[in-house]
Structures are given as C-alpha cells and as structure tokens.
Amino acid sequence: MKIVIKIIFLLIIIPSKSFSLIEVDITRGNLDPLPIAVSPLSIDENSRQNFEKILKKKNIGEEISKIIEVNLKTSGLFNPLNKDAFLQAPDIANLKPRFEDWNLIKAQALITGKVSYLDEKLRVEFRLWDVLAGKEMVALAFTTVPTNWRRVGHIITDKVYQRLTGEKGYFDTRIIYVAEEGPKTKRIKKLAIMDQDGANNKFLTLGNELVLTPRFNPTSQMVTYLSYFRNLPRVYLLDIETGMQEVVGDFPGMTFAPRFSPNGKKIIMSFAKDGNSEIYTMDLENRIVEKITNHPSIDTSPSFSPDGKFICFNSDRSGYQQIYVMKSDGSNVKRISFGKGLYGTPVWSPRGDLIAFTKLHKGKFYIGVMRTDGSGERLLTENFYQEAPSWSPNGRVLIFYRETETDDKGEGFSAKLWSIDLTGYNERMVKTPTDASDPSWSSLLSN
Amino acid sequence: MKKLRIRNIDQGAIMKLNKILKNTLLLVFACFALSACATSKKTTGQMQGDVYTGTDTVEYLASGVPDRVFFATNESVLTTASRETLRKQAAYLRKNSKITIVLEGHADERGTREYNLALGERRANAAKDYLMTYGISSNRISVLSYGKERPVDSGSNPLAWSKNRRSVTVKAN
C-alpha cells in the first residue's frame with residue numbers, strides 16, 4: 001500500500017515538475033525568442049593569466065560566453081540579454097544566483113559557469129538555471145586542451161539547446177563548402193571548411209582545378225567531392241585530418257553528385273557515359289560497385305534515407321526534372337514530386353520524415369520540403385537563384401547557396417551561403433571570407 | 001413599357017460593348033504588331049525560339065568551320081543549324097585525320113548544378129554521335145561536361161543563357 005502511494009506520488013510530482021520548467025517549442029516559427037542571460041564564465045586571476053599567455057585572449061571566460069551568446073542568437077529561438085544590465089557578479093552567480101535580480105531584467109533562463117587552468121588543461125563547469133522556477137536545469141563540467149576553447153562554447157550551447165528544446169543541438173559542427181573567387185566566366189573554386197559560426201575558416205585545395213559539391217561523411221571527418229583534376233571530372237575522397245585524397249569514381253566517363261550512405265561505408269553517385277547518367281554505389285571497404293538505376297534519362301543527385309533503406313534522387317524520365325524515391329536496391333521507383341515546376345537536389349532529412357529540395361517555377365528558385373511520399377509540400381524561401389540545401393544534423397535548419405542576378409553589363413555576380421529554419425523563419429546569410437556555394441553540414445563533432 | 005425600356009437599355013449596352021470590343025481589338029492588334037516588331041528585332045541573328053543563332057561568341061576551328069552548337073532550354077536535340085555546323089566540323093576532321101577533339105558540353109545557370117553536369121554531358125554526346133555518323137572515329141573524340149561552371153556570357157538574361165547552352169569542339173592536340 002505504501003509503495004502504491006509512493007508511485008502515485010511520484011507520478012503526480014514528476015510531470016508537474018517538468019511542466020514548471022521552461023521549454024522552447026522549435027516546431028513552429030518562434031517570433032518571441034526566450035530571454036536568456038549569459039553571465040560571463042568566471043575565472044580566477046591565476047588561470048586568466050595562464051590562458052592569456054597560451055591563447056592571447058585577455059579573458060577566456062568572457063570569450064567563451066560570447067560564443068554561446070552568438071550561437072543562441074543565430075538560432076532565432078533565444079534572445080541573449082545585454083550584459084550591462086546584469087547585477088550579479090559572474091563568480092557569485094555561478095554559486096547561487098539571486099533569482100530576483102535576474103527576474104528583474106526579464107531573464108527566463110540563466111547560464112553561469114567557471115573556467116580554470118588545471119594541469120595545462122582548460123576545465124569548464126557550467127550551469128543552466130530556470131529563473132522563474134528558481135531551479136538548476138543542467139550542471140556539467142569537462143576538461144579539454146586550451147586550444148579547444150571555441151568548441152567549449154559550442155558544446156555548452158548544444159547542452160543548453162537540448163535541455164530547453166528537447167532536441168539535440170547543431171553548434172559543435174563544421175561546414176564544408178566551395179569558396180569562389182574571380183569573374184563569373186572564369187571562377188576559381190576551392191574546398192573550404194569552417195566552424196558552423198564561420199570561425200576557423202581553412203582552404204583545403206589551392207584552386208588549381210575546379211572542385212564542386214563536397215559532402216561530409218555522417219560518421220567521420222571524411223569528405224567526398226567532385227574534382228576536375230587533370231580535366232577528368234571524378235568523385236574523390238578526402239580525409240580532412242590527414243589531407244589524404246584519393247579518387248573513388250574512376251570510371252571511363254564522368255562521376256559526380258557523390259554522397260555518403262548513413263553508416264559512412266558507401267558512396268552513392270552518378271556516373272555519366274554516352275549521354276546517359278545512372279546512379280551507382282561503391283562500397284569503400286571492398287570497392288564493389290553496384291548499379292542502382294537503369295533508365296536512358298538523367299538520374300542524379302541521389303541521397304539515402306537515414307535508415308539506409310531508401311534513396312531519393314532526381315530524374316527527368318517524365319520529360320522534366322522531378323524527384324523520385326526507390327528502395328536502396330533500385331526497385332520500386334516512384335515519382336513523388338507532382339507540383340508545378342521542376343524539382344532537383346532532393347536531400348533526405350536526418351530525422352527521416354522530410355525531403356528538402358530545390359524547385360524552379362516561373363523563373364524563380366525555391367528551397368522547400370515535402371514528406372517522403374511527396375505530400376505536404378512547403379516552400380520556405382523564394383529567390384532569383386538558390387539551390388542545394390543541406391540539413392543541420394538535428395534536421396531543424398537548412399543551409400544552401402544563393403546567386404545574384406547580374407546587371408545589363410553582366411556585372412554584380414555573387415554567391416553566398418544562407419540558412420533558414422525548417423519553420424520558414426530565421427532566414428540569414430552565413431558569413432564567409434569569399435563568395436561561397438555548395439555547403440554541407442557535418443554531424444555533431446562531440447558525442 | 002418596362003420591357004421595352006429594358007430592351008433599349010440592353011441595346012445601348014450592346015452598342016457600347018461593341019464599341020469597346022472594337023477599340024480593344026484595335027489596341028490588341030496594335031500591341032501585337034509592336035511586340036512582333038520588338039521580338040523579331042531581338043531575334044534576327046540572335047535567337048530562334050530560345051536557341052542562339054548569333055555569332056558573337058563563336059570561334060572557328062578553321063576558316064568557315066564554327067566551333068560550337070547551341071541548344072534550347074533543357075534540351076540536347078541538335079537543330080538544323082547545329083547539324084550543319086557539325087557536318088562542317090566532320091568534313092574538316094576527315095581532312096585533318098590527326099586532330100583529336102574534346103567536346104565540351106555546357107548548360108545555362110538556370111538549373112541545379114548536378115542536373116546541369118548531366119545535361120552538359122548529354123549535349124556533348126549528342127554532338128559526338130552526330131560527328132560519328134559522319135565518319136569521325138569515337139577514339140578521336142572525348143567528352144567533358146562543365147555543367148553551368150564555365151559560362152561565356154555572364155549576363156542574367158535569356159540571350160546570355162542561350163549563348164551558354166552549348167557544345168564546343170576543342171582541338172586536343
């Protein structure tokens with residue numbers, strides 16, 4: 001009897017407790033971002049001096065909290081409050097926040113923390129507080145090499161995002177893309193990689209040959225892309241850590257449009273020969289090649305479903321570019337796009353429920369999503385030219401590229417990366433040092 | 001009485017309508033004539049349908065042998081003019097049997113990158129097939145698709161796009 005009472009008691013207590021804590025709904029456009037205070041991570045003077053020597057940053061605690069703030073702001077779901085209004089000092093706030101003070105500046109959530117220098121390492125602890133309920137929601141500590149300080153900011157943001165939205169974040173990630181320079185008729189293109197927030201930009205190729213469509217392996221730091229090395233357009237594999245490159249699609253013809261399978265063990269790509277493009281897979285371990293489609297039309301832009309059981313792709317077998325879905329062995333081919341216009345670049349969401357695409361209709365380009373059976377088509381953004389969406393690892397944000405219309409003299413061309421939430425809100429340009437196209441989002445680097 | 005009145009009104013309305021129709025018809029005709037003039041001016045020597053027929057960007061493999069053929073949007077079908085150009089190329093290549101060539105296929109910027117790569121390949125192969133039927137051995141021809149990566153005209157208008165939808169025959173040796 002006592003046990004029964006206890007269970008009932010727990011059942012009542014737990015839901016009401018979780019109900020009382022704040023939640024952010026990411027399933028609809030968030031026009032009212034959650035006010036959040038990011039108190040600078042506190043740091044003792046000795047640690048501060050050590051990090052200043054190693055990292056050339058005056059106060060690494062403040063720098064890390066800036067990263068968290070920018071991440072939260074660009075997500076569109078949070079509104080980080082101005083630090084000038086903070087009443088409590090960072091070190092005291094981390095011990096025990098005076099919730100009335102934070103309530104006063106309308107903060108609903110509060111992030112506090114502490115950085116210290118320990119055995120040549122960077123030790124961070126942080127806490128997420130529900131200001132209204134006056135409760136701690138997350139408390140975590142971890143240690144890493146000091147040069148990883150930016151990632152520390154991203155990992156904290158991921159934890160905060162996950163606790164408040166109930167879904168994994170996408171901040172400790174990188175984006176590989178094609179950096180572009182020069183006139184439109186003679187573009188120089190290089191592979192480039194950067195953190196999700198644009199930091200640590202690095203060029204991976206020199207620009208001697210044309211490179212296109214880099215894509216991350218979802219399970220490792222490998223990338224597959226198309227290179228025109230020696231004027232032979234072929235699919236290549238690149239290990240970002242070692243810089244090792246190898247050709248994987250060396251068939252007598254052109255291989256292009258590569259992507260990894262969800263387990264990272266196969267590459268799926270198009271192979272064009274004698275005026276016909278078909279879809280093939282190659283097993284990276286034993287190099288066994290399988291032909292998946294068999295049709296005299298163009299079959300390209302293949303993308304696996306996250307369970308690996310299906311493939312969506314682009315074909316003009318109906319006479320025009322449309323999106324099709326088939327089983328991963330090539331059987332049961334079904335057209336799923338039936339709206340007005342042309343459809344291209346289908347990409348399966350990492351959550352499995354949606355396919356993102358590019359659509360051309362009446363001279364305008366759209367980025368949109370539809371369910372995997374083609375129903376529920378929703379266009380997120382319209383522009384003169386945009387294409388090639390890539391999903392954030394949590395399936396909540398799409399990154400793509402946009403090109404501008406040139407003027408009467410053919411000038412004014414530019415290509416930039418943009419991102420938009422699945423809700424259609426929070427459309428923003430992703431800053432890159434040069435013009436940019438063909439973005440691909442990595443998986444979460446940690447966990 | 002009432003009926004008559006209504007008829008009168010109706011007749012008046014019909015008369016008016018006729019007038020309006022006549023005037024608008026005249027207007028429509030005028031518009032048609034004008035637009036026909038405008039478009040024909042634009043297209044003469046420039047475009048037929050949306051296939052480029054001008055010579056602005058064309059280079060020559062030899063005197064009288066144009067190096068490129070043009071395509072309609074999303075098409076890889078050779079036009080009459082394209083076939084004529086390719087027959088000239090074939091004749092030139094038969095005479096100069098040591099020359100090998102690359103057929104570079106291109107698309108305009110109004111399509112997705114990957115589809116355009118496939119489309120460029122299809123266009124270059126359409127040219128290749130035609131050259132082969134005129135006696136050029138396939139081992140003298142290689143095909144290279146650039147998709148939309150190498151436009152000749154950086155404009156964002158139908159004329160620029162028509163110049164970019166092309167297959168160019170380039171001497172490889």
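Student: Which residue follows α3(B) and has a positive phi?

Tutor: This is a predicted model, in which local features need pLDDT of at least 70 and side-chain atom pairs count only at pLDDT 80 or more, while totals for chains, interfaces and linings use all residues. Residues are numbered from 1 along each chain as its sequence is written, and chains are lettered from A and ligands numbered from 1 in the order in which they are written. Helices (DSSP runs of H or I, at least four residues) and strands (runs of E, at least two) are numbered from the N terminus. After α3(B) comes a residue whose phi is positive, near 90°, and that residue is B:G135.

Student: How far apart are the end C-alpha atoms of helix α3 of chain B, and why does that agree with its number of residues?

Tutor: The expected span of a helix is 1.5 Å times one less than its number of residues. Helix α3 of chain B has 21 residues (113-133), so it should span 30 Å, and this agrees with the distance between its end C-alpha atoms, 31 Å.

Student: How many of the residues of α3(B) are buried?

Tutor: A residue is buried if 20 or more other C-beta atoms, placed from the backbone, lie within 10 Å of its own, exposed if 12 or fewer do, and partly exposed in between. Across chain B, 38% of the 173 residues count as buried. Helix α3(B) is itself mostly covered, and of its 21 residues the number buried is 18.

Student: How are α2(B) and α3(B) oriented to each other?

Tutor: The axes, which are lines fitted to C-alpha atoms over the stretch in contact, come within 9 Å for α2(B) (residues 80-95) and α3(B), and they cross at roughly 55°. The contact (C-beta atoms within 7 Å) involves residues including B:L86 of α2(B) and B:Y130 of α3(B). Angles under 35 degrees count as roughly parallel, over 145 as roughly antiparallel, 65 to 115 as roughly perpendicular and the rest as oblique. The two helices α2(B) and α3(B) are therefore oblique.

Student: Which residues of chain B does A:T345 touch?

Tutor: The place of A:T345 is in strand β22 (residues 342-348) of chain A, and A:T345 is buried, because 29 other C-beta atoms lie within 10 Å. Leaving out residues up to four places away in sequence, its contacts include A:S301 and A:F357 in chain A, and in chain B they are B:T112 and B:E114.

Definitions and conventions. Two residues are in contact if their C-beta atoms, placed from the backbone, lie within 7 Å. Axes are lines fitted to C-alpha atoms, for helices over the stretch in contact, and angles run from 0 to 180 degrees between N-to-C directions.
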